[in-house]
Amino acid sequence: MDLDVFVSAHRAEWDRLEALLRRQRRLDGAEADELVTLYQRTATHLSLIQSSAPDPQLTGRLSQLVARARSAVTGTRRASWRDVTRFLAHGFPAAVYKARHWWVPTALLSTAVAALLGWWIGTHPEVQASIAAPSELRELTRPGGQYETYYSSHPAASFAAQVWTNNAWAAALCLILGVFLGLPVLWILFQNMLNLGVGVGLMSSAGRLDTFLGLVLPHGLLELTAVFVAAGTGLRLGWTLIDPGPRTRRTALAEEGRAAIGMAIGLALVLFVSGAIEGFVTPSGLPTWARITIGVAAEVAFLAYVYVLGGRAARAGETGDVEAAERSATVPTAA
């Protein structure tokens, strides 16, 4: 593209759009139609310049023009309860559903890794000795030891808040760091599986694996599912940089990134539920079967929410991205 020729050909349209935006009086019908037409043309011009001949000064001017025109055309919009309802009933479950081809394999492979680590640690005393001294291991695994008292060592409310904050931060990191080709996500995921594998291995070697699972499963099913969803989404975001598909890399990353931000908010709510279970149900005096039943019920409810509501919303075209009217204008690309 010859930028000078392009600017000469379209400068009058940009100046006219700017003049319409500066009008203090209300635009009449013809002027409003002209404003919409010039807004659409200028948005197309901006995309062409950004992709073919980026010029910082010209891009800045046109970006400002498009933003002002868009505000004038669509009007100022404020978030409402309708947005919250749409997000919870359609956007978030659809985003999780659409990412299932990433987070379900992530969950299966991660669980297999944790089980393998648990078996390796539980059947190799030399590995256990490298983790801690024998006296420390006995203190961890004995009845009333640290693994059991961990969940009741603090008041339930403050413990639930602490757990929720830590888990929400880990999920957010998976989503944010996915942009670095997913490599930090793999490390975060491995650390989580290593911690789980150590607990499984040490408690199984002490003959108390049933006790450990009775403490972990009530909250761990939903908590780990949320972590797997975050990790799978982060990996998908990293893969988008490598293979954006028919979209431009910039457009693909913007769309997947906006969906990931929404996912972080939704997962924070899911982790709030798992944190409440960990703070109030796990250390409670309920029988083990009752605590596990609560955890299984929460997990089943979340999966039904994703596969029923999310699947229906995804088939209707929902992606978890913001509404079409709020997205930046882009030029169509050939597949």
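How many helices and strands does the secondary structure of the protein come to? The protein has 13 helices and zero strands, where helices (H or I, at least four residues) and strands (E, at least two) are DSSP runs numbered from the N terminus. Read along the sequence, the pattern is α-α-α-α-α-α-α-α-α-α-α-α-α. The model is predicted, with local features needing pLDDT of at least 70, side-chain atom pairs counting only at pLDDT 80 or more, and totals for chains, interfaces and linings using all residues. Residues are numbered from 1 along each chain as its sequence is written, and side-chain values use heavy atoms, with hydrogens and water left out.

Turning to overall dimensions, the C-alpha atoms fill a box of roughly 80 × 40 × 35 Å along the principal axes. The radius of gyration of the protein is 26 Å, whereas a compact globule of 335 residues would have one near 20 Å; the radius is taken over C-alpha atoms, and the globule rule is 2.2 Å times the number of residues to the power 0.38. Among contacts (heavy atoms within 4.5 Å) with a separation of 6 or more, 78% join residues 24 or more positions apart.

Buried residues (under 20% relative accessible area, with exposed over 50% and partly exposed in between; 1.4 Å probe, protein chains only) make up 40% of the 335 residues. The largest nonpolar core has 37 residues, and Phe92, Val96, Met263, Leu267 and Phe302 have the most contacts inside it. Such a core is a set of buried Ala, Val, Leu, Ile, Met, Phe, Trp, Tyr and Cys residues joined through side-chain atoms within 4.5 Å. At least two residues of this core come from each of helix 4 (81-98), helix 5 (100-123), helix 9 (156-177), helix 10 (183-205), helix 11 (209-242), helix 12 (249-281) and helix 13 (288-315). Helix 11 supplies the largest share, eight residues. A second, separate core of 17 residues includes Phe6, Leu17, Leu20 and Leu46.

Thr59 is buried, with a relative accessible area of 15%.
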